[in-house]
Amino acid sequence: MKTNQTAVLLFSSRDRVGLVSRISRFISEHGGNIVDLDEHVDVAERIFFVRLVWDTTRFSVPAAEAEAAFAPLAREYGAAWEIHFSENRPRVALFVSKYDHCLQEILWRRQSNELKVDIPLIVSNHPDLQPLADYYRVPFHVFPVTGENKSEQERKQLDLLKMNRVDTVVLARYMQILSDEFVFAYPNRIINIHHSFLPAFIGSRPYHQAFERGVKIIGATSHYVTCVLDDGPIIEQDTIRISHRDTVDDLIRKGRDLERIVLARAVYHHAEYRILVHGNKSIIFE
């Protein structure tokens, strides 16, 4: 059964009387039928946030002209806003190193259509996961990174992303720190996943450190990447209980399970245009 095409508006501004009415009127006057509306007001800062979805079957404004048509209303309220149409799926590049669990999860969910994204390519600094990319028939590009060639390799990666019209980068356990130049190219469009021990357990063996400390909870965090390491707006988090019976291998297994699901949720929220970033915080419309 064919589903109707929809459009999504993400909008934030200073809270004022009549905002929802004005936005709704714009949509109805052009033949759109609102099918979902979720709003929130930050009482402390008096900021209004809304995610509004409408059926575009009879919407009279072509997708290419929608932003220009809505711009006068947005300017009136000094709003930050964006409009997306369901026929335009996000084009996502997956960046990986040697761990395959997060990559497996995203590729499987894409294949099953749980994640409505297009994945034109996978980028890695190692060749190890080429067979997995081949299985899912996604082009796999290897860029070996050293201290001497990092800038050059990043420029090549950015050129590749531009050539493939990529709009979102997902770091599915990519064990490299991106440069400021790279981050600036994709503001609030690079999604990372890491264990939630940071900054308490920094380094390559966080689960071993957690085991030695006898932690009772471990977790995972997915966030947008900024120029400050692991300090971007948080999208999704989850935790699981640990007991004295758990070994280091148990912690690693449970941690990887969390990383898979937390990253998948974050990519889902992003792909469905359910996230509004305000400062260093995110508003997630469930």
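1. Start with a term. A residue is called buried when its relative accessible area is under 20%, exposed when that area is over 50%, and partly exposed in between. R109 has 16% relative accessibility, so R109 counts as buried. Keep these cut-offs in mind for the points below. Note also that this is a predicted model.

2. Now the whole chain. The chain holds eight helices and 13 strands. Its C-alpha atoms fill a box of roughly 60 × 40 × 40 Å along the principal axes. How does the radius of gyration compare with that of a compact globule? For 286 residues, such a globule would have a value near 19 Å; the chain has 21 Å, which agrees.

3. Next, the inside and the surface. Of the 286 residues in the chain, 48% are buried. The accessible surface comes to about 15,000 Å². Carbon and sulfur atoms account for 50% of that surface.

4. Look at how the chain meets itself. Take the contacts between residues at least 6 apart in sequence. Of these, 66% join residues at least 24 apart.

5. Then the charges. There are 35 positive and 38 negative side chains. The centres of the two sets lie 2 Å apart. How many salt bridges does the structure hold? The count is twelve.

6. R51 lies in strand β3 (residues 47–55), and D36 lies in strand β2 (residues 33–42), so the bridge ties together parts that are 15 residues apart in sequence. D36 is partly exposed, with a relative accessible area of 34%.

7. The pair E114 and R109. Here the closest N and O atoms are 2.8 Å apart, and the two residues form a salt bridge. E114 is partly exposed, at 36% relative accessible area. R109 is the buried residue from the opening point, at 16%.

8. Find I177. This residue sits in the loop between β8 (168–171) and α6 (180–185). I177 is exposed, with a relative accessible area of 54%. Which residues does I177 touch, leaving out those up to four places away in sequence? The answer is K150, E154 and L229.

9. Check two backbone angles. D230 has a phi near 55°, a positive value in a residue other than glycine. D230 lies in the loop between β10 (217–224) and β11 (234–241). Its relative accessible area is 31%, so D230 is partly exposed. Y273 also has a positive phi near 55°, and Y273 too is a residue other than glycine. The loop that holds Y273 runs between α8 (248–271) and β12 (275–278). At 15% relative accessibility, Y273 is buried.

Technical notes
Residues numbered from 1 in each chain as written. Predicted model: local features only at pLDDT ≥ 70, side-chain atom pairs only at ≥ 80, totals over all residues. Heavy atoms only, no water. Salt bridge = Lys/Arg side-chain N within 4 Å of Asp/Glu carboxyl O. Helix = DSSP H or I, 4+ residues; strand = E, 2+ residues; numbered from the N terminus. Buried < 20%, exposed > 50% of the residue type's maximum accessible area, 1.4 Å probe, protein only. Rg over C-alpha atoms; globule rule 2.2 N^0.38 Å. Contact = heavy atoms within 4.5 Å. Areas by Shrake-Rupley, 256 points an atom, 1.4 Å probe, with all protein chains shown as cover. Lys, Arg positive; Asp, Glu negative; His and termini not counted. Charge placed at Lys NZ, Arg CZ, Asp CG, Glu CD.
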